[in-house]
Amino acid sequence: MILRISLILLALLAIANTRSVKNYETSKRELEEYIRDKKKDIDPRFRPHYHLAPPVGWMNDPNGFSFVMGEFHLFYQYYPYDSVWGPMHWGHASSPDLVHWKELPTALIPEDEQCFSGSAVGDSNTMVLMYTAHSATDTRPYYNETQYLAFSTDGVNFDKHRGNPVLARAPNGSPDFRDPKVWGRGRYWYVVIGSKTDDERGRVLLYRSTDLLNWEFLSVLAESDGDLGYMWECPDFFELDGKWVLLMSPQGVEEKGDRYKNVYQNGYIIGDFNYETHEFVPEVEFQEMDYGHDFYAAQTLEKEGRRYAVAWFNMWNVTHHEAEDGWAGMMTTVREMRLFNNRILMKPVETTVNLRQEPKLEGQLYLNEVVEFGQAVELFIDADLDQKIELHLDGRSGALSKVWLRWDPQVGKVVVDRGDGDVRQVEWEPIGSRTWRILLDASSLELFCGEGEVVFSSRVFPLGGWRLTNLSPQPVNMLSYSLRRSVAD
Ligand SMILES: *[C@@H]1O[C@H](CO)[C@@H](O)[C@H](O)[C@H]1NC(C)=O
Ligand SMILES: *[C@@H]1O[C@H](CO)[C@@H](O)[C@H](O)[C@H]1NC(C)=O
């Protein structure tokens, strides 16, 4: 009840700010017209059928992943005017079930500040966004990051708070102070924010508040010992199956064998947390969440005891082939997370089955046999893990990039090889199911091994639908469904 009253008051405060709201509303309307017009120029060849992508332009980190006002919301870092990164807006989509996504008007547009990543909370009446305002300054390093609020009473239109910033500086004054993830517990709101130490080690800060306006610094939840990077972005912090998980995206972690091969990492530390002392005690070392080429800035939400994650299905500093088609970047499928034996298992959200449609294909595929599919397919592959497996996925009309999936029992690693020398591989010891579940969309592959103990998310660019060839020295059992469209085209 306390929370509810404070949220309504905040919303009223924002609405009182009418003069600048008028200009802001005009800019928003012009932006929606621009998007509608620009959409006509998009080349659809790589547009996903069931993954969220920006209507036009550039998308990166997921933001404000939440269940508010009876719907799921997924916002994202958005630059509508080009298919490369630019001044950050917040794009917005909503969903009844985490697989069907409806495009909504752009939620935040930059003014003096760029609208960097953040999160959303609310109840049935008001939704509050907390985000990082990234502003230019005159002195080194020429930017400053503070935390802003914005409100909505309809879940579609957002007004920025008049009294921004609500958090003006990190305890050590670091200019890198971003990506607030808020949650409520009892009479408090809590927030974790990514930052760094004075000597360039990533860290996560914990604060609390009773009204979202006034924040009290509680503790440094965790920080890099030097090996875990110079900056920790996009933190999230939650309980999962009796433990606490600190999820974050560290920058500056060095490649080590098969690990940390992306430019920036995304992973988690399992431990214990005490709300009285505000102390997080790490118990298990940092682990990557996903082993594919394209996975970053994952964020989670909890609903009815289930914890769901979604991530940016791209990576920094790589070629985004779809950029020449008028858009760039998409989200992974939403996954449900569980904790088992000191690691996170990820499975596609249960409602993914609602996307299945005819034709369903089932049968054995012998050496060098080929099956052809449309652009959106779900595949189940069962084979003898005591023998080698090799599957080749290509486009029916060629490809800008294709992929080989391999298993060698002598090595004990699952391999995802796009043929460009940048091979991803990781040890797999099935804890139950021995099946590979593969989600293919027009320009992506997600491979879930067994119970989700090993997952690879990689962008792949086939042309004209998918073609699967079994290159294994054994027949493999295959079951496939074609998947229906669940996002705007
Ligand atoms: C960032 O700007 C705020 C004012 O909006 C100021 O209070 C704060 O000290 C600045 N932080 C740094 C690191 O300069
Ligand atoms: C990524 O690319 C940017 C821009 O070209 C460059 O400034 C940055 O150093 C690169 N980062 C890494 C880790 O390669």
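The model is a predicted one, in which local features need pLDDT of at least 70, side-chain atom pairs count only at pLDDT 80 or more, and totals for chains, interfaces and linings use all residues. Residues are numbered from 1 along each chain as its sequence is written, chains are lettered from A and ligands numbered from 1 in the order in which they are written, and side-chain values use heavy atoms, with hydrogens and water left out.

**Entry: the sheet with β32.** I followed strand β31 (residues 444-449) and found that it pairs with β32 in the antiparallel sense over 6 bridges; strands here are DSSP E runs of at least two residues, numbered from the N terminus, and two of them pair if DSSP finds at least two bridges between them. Both belong to an open, antiparallel sheet of 6 strands in the order β22-β35-β24-β30-β31-β32. Its edge strands, β22 (356-365) and β32 (454-459), each pair on one side only.

**Entry: a sheet of 4 strands.** I then turned to the open sheet ordered β13-β14-β15-β16, where the pairing is again antiparallel. β13 (231-240) and β16 (279-288) stand at its edges with a single partner strand each, so one side of each is left without a neighbour in the sheet. Between β14 (residues 243-251) and β15 (residues 267-274) I noted 5 bridges, and V245 stands opposite I270 in β15.

**Entry: ligand 1.** I listed N144, T146, A168, R169 and G173 around ligand 1, a residue being near if one of its heavy atoms lies within 4 Å.
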